[in-house]
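Biologist: Could you walk me through this model, starting with how the strands are arranged?

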4 protein chains.
Amino acid sequence: MSGNTLGTLFTVTSFGESHGPAIGCIVDGCPPGLAICEADIQAELDRRKPGTSRHVTQRREPDTVEILSGVFEGVTTGTPISLLIRNQDQRSKDYGNIADTFRPGHADYAYLQKYGVRDHRGGGRSSARETAVRVAAGAIAKKWLKERHGIVIRACMSALGPVQIPFVSWDEVDGNPFFAPNAAIVPELEAYMDALRKSGDSIGARIDVVASGVPVGWGEPVYGRLDADIAYAMMGINAVKGVEIGAGFSAVAQRGTEHGDEMTPAGFLSNHAGGVLGGISTGQDILASIAIKPTSSLRLERRSIDRAGNPVMVATEGRHDPCVGIRATPIAESMLALVLIDHALRHRAQCGDVRTDTPRIPALAPEGSQRLPSPR
Amino acid sequence: MSGNTLGTLFTVTSFGESHGPAIGCIVDGCPPGLAICEADIQAELDRRKPGTSRHVTQRREPDTVEILSGVFEGVTTGTPISLLIRNQDQRSKDYGNIADTFRPGHADYAYLQKYGVRDHRGGGRSSARETAVRVAAGAIAKKWLKERHGIVIRACMSALGPVQIPFVSWDEVDGNPFFAPNAAIVPELEAYMDALRKSGDSIGARIDVVASGVPVGWGEPVYGRLDADIAYAMMGINAVKGVEIGAGFSAVAQRGTEHGDEMTPAGFLSNHAGGVLGGISTGQDILASIAIKPTSSLRLERRSIDRAGNPVMVATEGRHDPCVGIRATPIAESMLALVLIDHALRHRAQCGDVRTDTPRIPALAPEGSQRLPSPR
Amino acid sequence: MSGNTLGTLFTVTSFGESHGPAIGCIVDGCPPGLAICEADIQAELDRRKPGTSRHVTQRREPDTVEILSGVFEGVTTGTPISLLIRNQDQRSKDYGNIADTFRPGHADYAYLQKYGVRDHRGGGRSSARETAVRVAAGAIAKKWLKERHGIVIRACMSALGPVQIPFVSWDEVDGNPFFAPNAAIVPELEAYMDALRKSGDSIGARIDVVASGVPVGWGEPVYGRLDADIAYAMMGINAVKGVEIGAGFSAVAQRGTEHGDEMTPAGFLSNHAGGVLGGISTGQDILASIAIKPTSSLRLERRSIDRAGNPVMVATEGRHDPCVGIRATPIAESMLALVLIDHALRHRAQCGDVRTDTPRIPALAPEGSQRLPSPR
Amino acid sequence: MSGNTLGTLFTVTSFGESHGPAIGCIVDGCPPGLAICEADIQAELDRRKPGTSRHVTQRREPDTVEILSGVFEGVTTGTPISLLIRNQDQRSKDYGNIADTFRPGHADYAYLQKYGVRDHRGGGRSSARETAVRVAAGAIAKKWLKERHGIVIRACMSALGPVQIPFVSWDEVDGNPFFAPNAAIVPELEAYMDALRKSGDSIGARIDVVASGVPVGWGEPVYGRLDADIAYAMMGINAVKGVEIGAGFSAVAQRGTEHGDEMTPAGFLSNHAGGVLGGISTGQDILASIAIKPTSSLRLERRSIDRAGNPVMVATEGRHDPCVGIRATPIAESMLALVLIDHALRHRAQCGDVRTDTPRIPALAPEGSQRLPSPR
């Protein structure tokens, strides 16, 4: 299976370089009969696109998507959906100076060593620009999950570098450029970013992502667990260095009596599991958190080597996000959506759409579910 | 792709329930000509097997492995290698009381809801007993990686619940039942476990796993990254709730100037990346950490429901590990080995065994590599 | 994906050599709740097993199957089903003389060149003995297809070497050792085989296989077509050199007005398509034919070379089928069953179990379907 | 795995409908460093494109290909290669009359029943227009196979309906619109086609395809055999109803002494195997033949039904190939190239690029190889 394809049944095969003619993907395996149009996808792309505030890259990309196939008279036909986004603002000259050097912390060196050749313009294939493709594909997945199962997927920033962002409400997330679930903290975030930008440095972030309304029973033991696939998808986002499900690393110091979520006829009493047990969804909210490292492209000079192995000092003049975590929020939502629709179809394949062949116990009401996006 | 198969080219397809006749797997895609015998595999299995100290489950399983195919006159033939481990000590009566109830924090409920039927004896397929299969398969992967590329894979416990375990030396890991890289702390760990066992409760743990000697260039952007596959494999181990690569969640609060590993002709000056950039190995040590939750099977009573949805109190009398993290160390090593051999073959497929078609820059010496298993 | 795994969602991963300790497989992705036991599988294995008449190999293998996992209290649990068949009659000495030579028409040479090593005993992995595994796995697929969809899969011999076997009735197939649908021709077949055996030579055969009751709509354009997967599965049977769907090679000389099956409200008027159009089932009988080459292991001497490249004369003394086509009939049925169950699950994944979201035109009654197993 | 993706390591994921905005594909897993440009691909597309003679469809499609990614400064980078072909001549009105009826022998009915919705314009996804994508992708595979291994892949028509076409020379194939390896027979073919077109009917064809120079050892037992993958790829071409390897259906009546190819130090003495034994290449020419059915779209009226199930008479006015077999020749070459490059990479993955770890017997010279494209 290609490293550029995500999913088993609902698949996304991605292509494109930062400064090539276009990026895009083929979405295959989509159930037929889903109403979808370019505006549905564009709405999600606009949440991720560059240039929406002074805190993100100033590259001017409208990220206009074109559906080339798989949709007829407004609905999916079950055949491959090809999505195309032309690149508009490729100032390759910005990157001329990095053709023969390697930025510390960047994929430049690894790509060249792997392939013996690389498209250095704007990071080529390793650029975060590719993530637009994930958001476009994710828009289709999100819509199907919502319409078919009532699933809602949301993400927010829970830490910007050293600044913790206490969760207040999902309603506040889209009202600020940080996707912070807390309007009151936005001035502090803006001040932090303004100082950071001035310094020429970059910073990490933490994103929490939650899926509500996921039915019990999705996921496949023992390797292809729902949480293993979430970990794969999240760690596959550029700059991610850590993934947690539910209690995550807090589980290390928890006792069994604290961690194991008790059950009553009214539902679970907590959600340290993050909605997954034994790799299978429990019906509670799916909770994941990711750690995003600081951008590697800095104005500040750092030690490196050139292609000949000589020592050099490297600084990057291109237009970059000082905190790639800011725009990662819609990406994380999309990746979770893509994992969930894939498992929805995988579950339906093996166990059927509506289980009528075996008796079921009553579904637990999620009334006792943890309300916060992350149990910390 | 089946959820019970791990890998793309070097694949492990696992089967078996805790209290069925046997567990085992088929290892396919193994390069031909590798010298392997049952003793090679048994040595690794013996590191994981139950009953080796008072701190782990007292179930008596010799975990004797039989090679059924794929090896002829002491070497692999390139055909599927079938490994069989018969179960010996299945006291199913221990589990009679859980046939109709769900243990809090356990996969019982999710399995039944997914499939409409479950083998409840000892957790059936969801039992950690299945991990013996991973260790057996991992033994083959480890041997090939060592012989072909000189790669060494090691893991150790870095925290037992609230007790941090400072790294001293790899040499100390195999001298104590906790796989602690620190002999001096062992009495404290023993005291902690003795008190815990007495209380009837369980505890989490953190494991660090390191691969040294991995060549630069393994991994596949953009979804099938080396670190994404490591995250998938690690989150696919029973009870794991979090995965970090390199700096992991510490990266959230790091600045770019701190996190990005500088390079000199003598090598990298740090390893916050954990040996992976852009999803491709850098030639530095691969560093991963995992969070393992406390065991769900407790002697202490907890609230739950039965199959009819009625409230019940549940306690588990079976033989369980109070800290599944202890025996997770060889499992984590095996999972990393299985990911690495798969990427070794995937890389060789696309880019060739010995790159002769394109010029290479000099490989960076790993002299400056971080020596500790984890940068924290 | 491994070459030893068949299927996408309902997968069979096979292992084992002719003269190793055992052969077997892991069947994964089986829907839960199917009643299955060893006797169900044994009944199919007994149809294929050696030694049932003087016209097939006299190797004594009871082919007793053991279910090691995935079945609990008589029903499938949705977890991997491991099937084990121990080899009993491994007279390796019969093959001592072929360790260093290559039988003309046999896989000996290709295996050694590929892997650099081979298990020469009885053909090792390339032996037709492995097909027992397919029949065992196919028994599970057949049962599910029958119970869930009323599908019946049958095969018969339509030519034994130069002897054409006119189709009379399915009822006559199991009453003779040739799986001939024509009792009257059996004496001719017996005489042919007796003379052939005496001569020391071997002969080819043609097998027709038919699935009745397959719903309209299974199959996936454009590469993973139902007929493409059938062709793959059939060409993957040992000794098969050709595959036809419906009219097959007769279509070369047909005109469109003859070939294209007309439709009326009462059903199709012919079945030159063989039940597949555009890679998707039409609801008519699925019709496939395969050509099986003569066995390569002969008592007669033939020219070959040894491992050092020297010319040698080779004859084979082992126990072999003079016409492997005879025992291929249950294998062909099993392969078709395995393809169909896989597509049943793939279809259900994408399009749902019972289509309720889009209106359907009335299903065509198969009244006009071709009654013969093959349109020739 | 999606039905719209071909291959395991060198993958082609196809999209597009006959009358949508575009068709195209993503080629992934291509080895880096291959020199490729749009002209290389265009040359192959021009061999397949419509409108090149009066014997094929008169639809005017220049089939101009655009490379959107994966190629930098004239060489492949190892990242996904996206190929785009815009549709130019979509006269959808030609197909208005088939929106609510089903053409006998066409995929209309099966698609609608499967998905509940279909793009009826020009056959939508089931149109042979999609095969342009295969030729484009195949051009890349062909070039790599030629440059890396000296492999040459050629196909020709061996029968046009009832007219057998004796093989004369590969040199004659590209000099006539039928891809006939026999210039002398071209007038007969032209007369046949002129009369056929006048009659409003269509006809089948047989195509032979040959790969020369394939190394010994490619292919994977036991299901994923080289010939099984060839059968899959060939049966996956629109309108193909049969596939043969080597002797094909002639093997049914052959004796073992005739069929099994004898070996001498100078090479094989015949090639009934078609270059594959036990699913692994032997080093001889790979020989395949395919049967192509007559086009289903006819000017002549035929019985069918409409969406409401009422009887109707159907004739098709659109522009169609009266013999789709004519343009199938470059498609068959492409499909064989795609299978071979995939197995080249799969072999390299498991067994290495240059086998240095195990001794090899001397490779047999292919001097005795069958020279004709097919042994009939």
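Modeller: Two strands pair if DSSP finds at least two bridges between them, and helices (H or I, at least four residues) and strands (E, at least two) are DSSP runs, numbered from the N terminus. This is a predicted model, where local features need pLDDT of at least 70, side-chain atom pairs count only at pLDDT 80 or more, and totals for chains, interfaces and linings use all residues. Residues are numbered from 1 along each chain as its sequence is written, while chains are lettered from A and ligands numbered from 1 in the order in which they are written.

Biologist: In what order do the five strands of the open sheet in chain D come?

Modeller: The order is β1-β2-β3-β7-β4 of chain D, with antiparallel pairing. The edge strands, β1 (5–6) and β4 (65–67) of chain D, each pair on one side only.

Biologist: How many bridges hold β2 and β3 of chain D?

Modeller: Six bridges link β2 (residues 11–16) and β3 (residues 22–28) of chain D, and Val12(D) stands opposite Val27(D) in β3(D).

Biologist: Changing topic, how many residues does each of chains A and B give to the contact?

Modeller: Chain A gives 100 residues and chain B gives 99 residues, where two residues are in contact if their C-beta atoms, placed from the backbone, lie within 7 Å. On the side of chain A that touches chain B, the largest share, seven residues, comes from helix α2 (residues 108–115) of chain A.
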